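Student: Hello! I am new to reading protein structures. Please take me through this one, feature by feature.

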Amino acid sequence: MMLNNAQHTMTRTALYLTLFVFFLTAFFLNPDSTQAIGNAGQNSPTLAEFSHSVHNGDASALTGVYVANVLNLPVVQQPEDRPYYVSNRNGEVTQFAMASRYGSIGLLAHNTLSGKSFSNLAIGQEVHLVFGDGRVKYFEIKQILRFQALEPESVSSSFRNLDRNETLSASEMFNRAYVGEQRLVLQTCIEAEGNVSWGRLFIVAVPKE
């Protein structure tokens with residue numbers, strides 16, 4: 001049976017959201033213990049120094065994210081055959097390929113590693129995205145979303161919004177964080193009650209004029 005374009009789009013969207021649900025549980029529950037020394041704000045370099053450190057000459061490659069006195073982290077890419085990959089090295093973040101399908105830039109990190117610094121971010125702070133040719137894009141944090149996973153180890157878990165009285169499915173949470181106007185999203189887990197995957201944290205920033 002042939003599918004029309006709208007049906008193809010719906011099928012792809014359903015697949016992406018299914019992958020996202022699996023991603024939420026499988027890759028934030030058990031991060032690899034392998035760590036490397038990194039920098040998430042300590043001895044913070046200037047933006048120019050950091051830009052130079054992640055320069056590779058590729059204008060299309062996002063190579064770093066910088067927030068003054070909070071974090072300065074190189075960006076690595078997910079391998080094409082590993083859509084759930086999140087770096088297990090402290091001192092770097094991973095660009096979330098699925099987010100780009102929705103016009104967003106997603107940056108992922110385990111909360112036991114580089115993601116620890118995400119909780120130090122606040123609304124109104126300026127975030128700098130650095131590209132391989134030294135170009136910088138400026139964003140401003142506009143929203144912080146926090147959710148509790150009601151069943152942290154289940155792929156069918158719902159998520160309770162910690163800032164308003166509502167419960168969302170994983171796909172609804174994805175839409176809330178990633179879909180809409182062009183945005184940058186930094187995502188990690190929230191640790192609570194002895195569980196490193198107790199909840200989810202999304203830092204949402206929009207381009208700064």
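Tutor: Gladly! Helices (H or I, at least four residues) and strands (E, at least two) are DSSP runs, numbered from the N terminus. In this predicted model, local features need pLDDT of at least 70 and side-chain atom pairs count only at pLDDT 80 or more, while totals for chains, interfaces and linings use all residues. Residues are numbered from 1 along each chain as its sequence is written, and side-chain values use heavy atoms, leaving out hydrogens and water.

Student: How many helices and strands does the protein chain have?

Tutor: There are four helices and 10 strands. Starting at the N terminus, their order is α-α-β-β-β-α-β-β-β-β-β-α-β-β. For one local detail, look just after α4, where G180 has a positive phi of about 140°.

Student: Which residues of helix α4 are buried?

Tutor: First, the scale: buried means under 20% relative accessible area, exposed over 50%, and partly exposed in between (1.4 Å probe, protein chains only). In α4, which covers residues 170-178, the buried ones are A170, M173, F174, A177 and Y178. Looking down the helix axis, these buried residues fall within an arc of 105°, so they line one face of α4; that arc is taken from the directions from the axis to the C-beta atoms. For the protein chain of 209 residues, 45% count as buried.

Student: Which residues touch the most other members of the largest nonpolar core?

Tutor: A nonpolar core is a set of buried Ala, Val, Leu, Ile, Met, Phe, Trp, Tyr and Cys residues joined through side-chain atoms within 4.5 Å. The largest one here has 25 residues, and V65, L107, L129 and L184 touch the most other members. Two or more residues each come from β1 (62-67), β2 (71-77), β4 (104-108), β5 (126-131), β6 (136-149), β9 (183-192) and β10 (195-207). Strand β10 gives the largest share, four residues.

Student: What does L129 touch?

Tutor: Contact means heavy atoms within 4.5 Å. Setting aside residues up to four places away in sequence, L129 touches L62, G64, V65, I105, L107, R135, V136, K137, F139 and L184. Across the protein chain, if you take contacts between residues at least 6 apart in sequence, 58% join residues at least 24 apart.

Student: Is Q95 buried or exposed?

Tutor: Q95 is buried, with a relative accessible area of 16%. You will find Q95 in strand β3, residues 93-96. Its contacts beyond four places in sequence are L62, V75, V76, Q77, Q78, I105, G106 and L107. For G106, 11 residues away in sequence, the C-alpha to C-alpha distance is 5.7 Å. Q95 also has a polar contact, side chain to side chain, of 2.9 Å with Q77. Such a contact is a pair of N or O atoms within 3.5 Å; within protein, one must be able to donate a hydrogen and the other to accept it, and residues adjacent in sequence count only if both atoms are side-chain atoms.

Student: Where is R200 found?

Tutor: R200 is in strand β10 and is buried, at a relative accessible area of 0%. A polar atom of the R200 side chain lies 3.0 Å from the backbone oxygen of S197.

Student: Where is G115 found, and what does it contact?

Tutor: G115 sits in the loop between β4 and β5 and counts as buried at 3% relative accessibility. Beyond four places in sequence, G115 is in contact with A109, H110 and T188. The C-alpha atoms of G115 and L201 are 9.5 Å apart, although 86 residues separate them along the chain.

Student: How many aromatic pairs are there?

Tutor: Rings of Phe, Tyr and Trp (its six-membered ring) pair if their centres lie within 6.5 Å; planes under 30 degrees apart count as stacked, over 60 as edge-to-face and the rest as tilted. By this rule, there are six aromatic pairs. One of them is the tilted pair F50 and Y66, with 5.7 Å between centres and 35° between planes. F50 is in helix α2 (residues 47-53) and Y66 in strand β1, so the pair ties together parts 16 residues apart in sequence. Both residues, F50 and Y66, are buried. The rings of F96 and Y178 have centres 5.6 Å apart and planes at 75°, so that pair is edge-to-face. This pair links distant parts of the chain, F96 in strand β3 and Y178 in helix α4, 82 residues apart. F96 and Y178 are both buried.

Student: Which residues form one aromatic cluster?

Tutor: F96, Y102, F147, F174, Y178 and F202 make up that cluster.
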